[in-house]
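I opened this entry to keep track of what I looked up.

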Amino acid sequence: MSAELIAAATSARELAFAPFSKFRVGAALRATDGTVVTGCNVESASYGLTMCAERVAVFKGVSEGYTRFTAVVVVTDVAELTPPCGACRQLLWEFAPDATVTLANTHGRSETFTVRELLPRGFDASQLDPVTPP
Ligand code: THU
């Protein structure tokens, strides 16, 4: 668990665009070459289009050529640490299957899990092989 990554996610959280929920989230990912990619949640007036901080970070990273991540940090300011939602867990499974996931808050609390703990038996491209007929 890296203090650098927690600091990066904490800074990213400052840019959260969350006028509807007021729930500000920051995320930071470490790519396999050590590069840090950050994201914050971005909400839409059409609420369902809102994007979580974790997926913003994954999409930013992939769009810049980073497709594998080894560590993920999610920062909020609430006492109960914030775990990634189901949709984010899916994306982490695909781009960060071996990563640690550190949940942290701005009051210094943190706890670390793995993507595999958070999403056992995830779905990915390996299951897209042509279906063998019965
Ligand atoms: N949110 C995240 O960005 N990441 C999470 O792990 C949980 C939820 C955001 C989405 C929405 O903008 C707000 O938090 C409330 O759900």
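What follows are my notes on the sheet, its strands and the helices beside it.

Entry one. I am working with a predicted model. I looked up the strand order and found 5 strands in an open sheet, arranged β2-β1-β3-β4-β5 with mixed pairing. I then checked the edges: β2 (36-40) and β5 (110-114) each have a single partner strand, so one side of each is left without a neighbour in the sheet. I noted the twist as well, which averages 20° from one strand to the next.

Entry two. I turned to β3 and its two pairings. I found 6 bridges between β1 and β3, and these strands run antiparallel. For A27 I looked up the bridge partner in β3, and it is V74. Strand β3 (residues 69-76) is also joined to β4 (residues 100-105) by 6 bridges, here with the strands parallel. Along this pairing I noted A71 opposite T100 of β4 and V73 opposite T102 of β4.

I next asked which helix packs on the sheet. Helix α1 (residues 3-13) does, and I listed its contacts as β1 (26-31), β2, β3 and β4. The direction of α1 makes about 140° with that of β1.

Is β3 mostly covered or mostly open? I counted it as mostly covered, with 7 of its 8 residues buried.

From β3 the chain crosses through helix α3 (residues 86-95) to β4. I recorded this β-α-β crossover as right-handed.

How values were computed
Residues are numbered from 1 along each chain as its sequence is written. This is a predicted model: local features need pLDDT of at least 70, side-chain atom pairs count only at pLDDT 80 or more; totals for chains, interfaces and linings use all residues. Side-chain values use heavy atoms; hydrogens and water are left out. Two strands pair if DSSP finds at least two bridges between them. Helices (H or I, at least four residues) and strands (E, at least two) are DSSP runs, numbered from the N terminus. Axes are lines fitted to C-alpha atoms, for helices over the stretch in contact, and angles run from 0 to 180 degrees between N-to-C directions. Contact means heavy atoms within 4.5 Å. Buried means under 20% relative accessible area, exposed over 50%, partly exposed in between (1.4 Å probe, protein chains only). A crossover is right-handed if, with the strands pointing away from the viewer, the path from the first strand over the helix to the second runs clockwise.
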